[in-house]
Amino acid sequence: MRTCSILLVACACSASAPSAPAPGIVERATAEFAGAYPLEATPTGVIREFALDAAPAELPLVDGKPLKVWAYNGQVPGPTLRITLGETIRVRFSNHLPQETTIHWHGVRLPNAMDGVPYVTQQPVAPGATFVYEFTPKDAGTFWFHPHVRASEQVERGLYGVLIVDDARPKPYSRDVAWVLDDWLLDGSGQIAPQFNTRHDLAMDGRWGNAITINGRTNTVLRVRPGERIRLRLLNSANGRIFAPDFGELDARIIAVDGLYLRAPIPASRFELAPGNRLDVELTFDHSTSAPLEIWDRRPVRDHVDDRRGRDDPRRRSRDGDGSRDGAERHARARHVRAAPLHQRLGAQPSDAHPRHVLSPARPRRRARRRAVLPRHRGGPWS
Ligand SMILES: [Cu+2]
């Protein structure tokens with residue numbers, strides 16, 4: 001299956017009357033996308049081998065403090081796996097977690113047996129066991145991988161990584177950078193709050209956090225040189241939070257959405273990244289860059305603080321500091337209008353030969369803008 005969200009929707013619907021597609025919808029969709037994407041992969045015979053090892057770890061992530069996570073190869077995000085279109089990827093996976101798990105290759109069109117859905121396409125990988133995933137992607141683009149067992153816990157604990165399938169003839173970007181946006185729910189001790197799938201999360205819009213990271217860090221720094229043209233791959237690996245990047249004065253154009261090229265680049269405005277979404281953005285820095293350039297999140301937060309929650313609730317504690325009644329009332333008034341901090345502020349230092357682009361947590365309030373409508377993907381790869 002193509003995305004997790006499709007799976008979740010299917011699961012949610014199965015409790016009530018299952019609904020069949022409207023007559024002809026499959027035929028219409030097939031005709032709509034005919035010729036846009038290759039039906040089959042064209043393997044070159046090259047096999048790229050990787051080893052992935054899932055295990056508990058302790059890493060200096062949010063604000064550099066030790067955080068107990070579950071990690072692929074001892075890092076969060078996991079290693080970026082990179083191959084070229086036509087190559088076959090072979091991943092020898094070992095599970096050293098205290099739970100069974102699988103790996104799902106989000107967005108990749110692949111044989112069902114490699115899709116990582118427990119008890120559907122494979123048996124889960126038990127603690128101490130191994131499994132070999134092998135497939136040849138049909139598309140070049142930005143994808144990602146994560147567990148498909150207890151994903152709301154295992155992904156939240158840090159199990160995710162980027163899979164990049166390069167074009168056979170890549171565009172000449174000066175650099176190719178992946179930013180994984182995540183949203184952690186930490187408790188008062190600064191560790192991952194261990195209550196997963198709470199009734200609140202299930203009844204509302206999932207687990208939202210109180211610490212936002214880029215590539216696991218709150219102090220990510222990206223240095224760019226004037227004149228650079230960068231391909232920035234954004235992935236939202238959060239459980240519930242939706243990001244809405246606002247590139248402000250930056251020359252930013254979207255070239256791909258969810259691993260699929262647009263027919264032509266479009267301005268990077270009014271797009272949102274729901275969990276699992278990817279946006280490939282082309283950033284161009286001219287030679288006269290002198291003013292600070294900033295990226296903000298403009299998505300308003302629906303505040304999760306609820307007066308019925310106890311003082312122990314990590315959301316209340318994190319937002320209110322001491323969990324005071326005043327804090328809760330402030331939040332009750334602010335509900336639905338607060339803006340989410342994306343700890344992402346690009347600031348160029350004009351006097352520096354190599355301007356630093358600094359990420360900082362500061363953020364002004366902004367009003368929500370209207371949601372964008374995705375362009376049709378038809379037309380094949382951007383050229
Ligand atoms: Cu997924």
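I began with Val91 and looked up its bridge partner in E6, which is Tyr133. The model I am reading is a predicted one. Strand E4 covers residues 88-95 and pairs with E6 in the antiparallel sense, over six bridges.

Next I followed E4 to its other partner. Strand E1, residues 47-60, pairs with E4 in the parallel sense over eight bridges.

I then went from E1 to E2. These two run antiparallel and are joined by seven bridges. Ala55 has Ala71 as its bridge partner in E2. E1 and E2 form a hairpin, with five residues between them. In the turn I noted Asp63, which has a positive phi of about 55°.

Put together, these four strands form an open sheet in the order E2-E1-E4-E6, with mixed pairing. I checked which strands lie at the edges: they are E2 (66-72) and E6 (130-135), each pairing on one side only. On average, neighbouring strands of this sheet are turned by 25° against each other, direction ignored.

I looked for another sheet and wrote down an open one of six strands. Its order is E10-E9-E12-E16-E14-E15, and its pairing is mixed. Its edge strands are E10 (211-214) and E15 (260-267), each of which pairs on one side only. From one strand to the next, the twist averages 25°.

Inside this sheet I picked out E9 (residues 175-184) and E12 (residues 229-236), which pair in the parallel sense over seven bridges. Arg175 stands opposite Ile230 in E12.

Which residues have the most contacts inside the largest nonpolar core? I found Leu163, Leu181, Leu234 and Val281, in a core of 75 residues. Domain 1 (41-170) and domain 2 (177-299 + 340-358) both give residues to this core, so the core lies between them. I noted the general background too: in soluble globular proteins, nonpolar side chains tend to be buried together.

I stayed with Leu181 and listed its contacts, leaving aside neighbours within four places in sequence. They are Ile214, Leu234, Leu235, Asn236, Ser237, Ala238, Phe243 and Leu273.

Then I turned to Ser288. I found Ser288 in the loop between strand E16 (278-284) and strand E17 (296-297). Is Ser288 buried or exposed? Ser288 counts as exposed, because it has 9 C-beta neighbours inside 10 Å, and the cut-off for exposed is 12 or fewer. I also checked Ser288 against Pro226: they are 62 residues apart in sequence, and 7.0 Å apart in space, C-alpha to C-alpha.

My next stop was helix H2, residues 25-33. How many of its nine residues are buried? The count is zero, and the helix is hardly covered. Just after H2 I came to Gly35, which takes a positive phi of about 85°.

Last, I noted the totals for the protein chain. The secondary structure comes to six helices and 20 strands. Of the 383 residues, 38% count as buried. Among contacts with a separation of 6 or more, 75% are between residues 24 or more positions apart.

Definitions and conventions
Residues numbered from 1 in each chain as written. Predicted model: local features only at pLDDT ≥ 70, side-chain atom pairs only at ≥ 80, totals over all residues. Buried ≥ 20, exposed ≤ 12 C-beta atoms within 10 Å, placed from the backbone. Contact = placed C-beta atoms within 7 Å. Core = buried A, V, L, I, M, F, W, Y, C linked by C-beta atoms within 7 Å. Domains from an automatic or database assignment. Pairing = 2+ DSSP bridges. Axes fitted to C-alpha atoms, helices over the stretch in contact; angles between N-to-C directions.
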